[in-house]
Amino acid sequence: MVLPAWARELLVGWRWLAAYFVASVALVGLVPSHLALQDPTSLMEDPGAWWGSEHMRSQWDGSGASWYAVSDEPSFVSIAWRPPAEASFVRLRTCLNEPIREGLGMVMLASVNGGRLDFNRHYALWSVDGAPAGSCHEEAFPRWTGDGPSVVQVQTLRANDAVSLSLLDATPLQENPLWRICRYVMLPLGVLLVALRFVGYVAEKPRFFSWGGLLGLAAILFGCTVSVTLKADIYELITGGRSIVAETDLRDLLTTRFPIGGFSIFTNLHTVLFLGTTLALGLAMQGRVARVFMDMVLLAPLTECLQIFVPGRGPGLLDAVADWQGVAIASLLVVLLLRSQRIRALLEH
């Protein structure tokens, strides 16, 4: 079978990036990114340490703990846990004792810092909607210097909802020095390989579109490699951030419901940036739109791969889907625009 020229060029042009992707996956399996400072601490050993709303009822037994909402109001229970000062991450691990019934349960985390309960760096550990019994989830959340206690909250959203956990524990972590070396090497290497793949677009005309597309690519690379701390600062600058003022008594925070919300603004930015970049490069390439389309389709999972090497961040399927949505919309727009002879004449000049 004879491959089209753009397909052959794609196979050659992406061979090193494909090798980079495979090497990244292998490193994740071979080198742990964090080392535990101490054994996991169970957060379900002391029922008296949990505080919550009057609409939540609890049941403790040998298999774990269950919380039931008895009102139409959103209900919750919370517990505070203080990691050691040297911890740079906290890993939460959760397992369901029973399947989630009739709706949504959430396990969330935030830390006290600077007189407020700060949600900007970490928030939903797990949104469990219809998850089966025995399913587990874990995630490592970053901590800032000066962070105080971490507050974990289990929340339901409607009457008769319930969350039943067989396990909820927290482990303080430090970054593995060997992993730090790996990411110091792999992150700039990945950015360099992407730049080498796309540098050929510089020569395309009209320059306004080729340079505009490369500017969009730079924004994509910045967004996927920026630290979680800077990402939180950017989010706070744009939206005002998410926090609750921390009163003197920590109990006040334990009896305050965490606001529901997420970083949807960044998911939308994924779509916008990939749409704009694909549109600009597609108009610059004109006769080779297929190459642009495939480059951008493959760039989406690769940018998620780059986030493996950014502390506190990681790959996400939904983000890649948002990227592909932008690519699909832009590719359709390019095809429609290039059907217009007037627009093609403008691009040729």
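Predicted model: local features only at pLDDT ≥ 70, side-chain atom pairs only at ≥ 80, totals over all residues.
1. Phenylalanine 76 belongs to strand β6, which spans residues 75-81. Its relative accessible area is 5%; because buried means under 20%, phenylalanine 76 counts as buried. The strand around this residue is mostly covered, with six of the seven residues of β6 buried.

2. Beyond four places in sequence, phenylalanine 76 touches Gly52, Ser53 and Met56, then Gln153, Val154 and Gln155, and finally Leu254, Thr255, Thr256 and Arg257. For arginine 257, the separation from phenylalanine 76 is 181 residues in sequence, while the C-alpha to C-alpha distance is 6.6 Å.

3. Strand β6 pairs with two strands described here. With β3 (residues 51-52) the pairing is antiparallel over two bridges, and tryptophan 51 has serine 78 of β6 as its bridge partner. With β12 (residues 150-156) the sense is also antiparallel, and seven bridges join the two strands; here tryptophan 81 is partnered by serine 150 of β12.

4. The largest nonpolar core comprises 34 residues, and Tyr20, Val194, Phe198, Met296 and Phe309 have the most contacts inside it. Helices α2 (15-30), α3 (177-198), α4 (207-225), α7 (264-285) and α8 (289-306) each supply at least two residues of this core. The largest share, eight residues, comes from α8.

5. Tyrosine 20, one of the residues with the most contacts inside the largest core, is in contact with residues including Met186, Leu187, Leu189, Gly190 and Leu193, as well as Leu302, Cys305, Leu306 and Phe309, when neighbours within four places in sequence are left aside. Apart from this core lies another, of 21 residues, among them Leu43, Met44, Val90 and Leu92.

Technical notes. Residues numbered from 1 in each chain as written. Heavy atoms only, no water. Helix = DSSP H or I, 4+ residues; strand = E, 2+ residues; numbered from the N terminus. Buried < 20%, exposed > 50% of the residue type's maximum accessible area, 1.4 Å probe, protein only. Contact = heavy atoms within 4.5 Å. Pairing = 2+ DSSP bridges. Core = buried A, V, L, I, M, F, W, Y, C linked by side-chain atoms within 4.5 Å.
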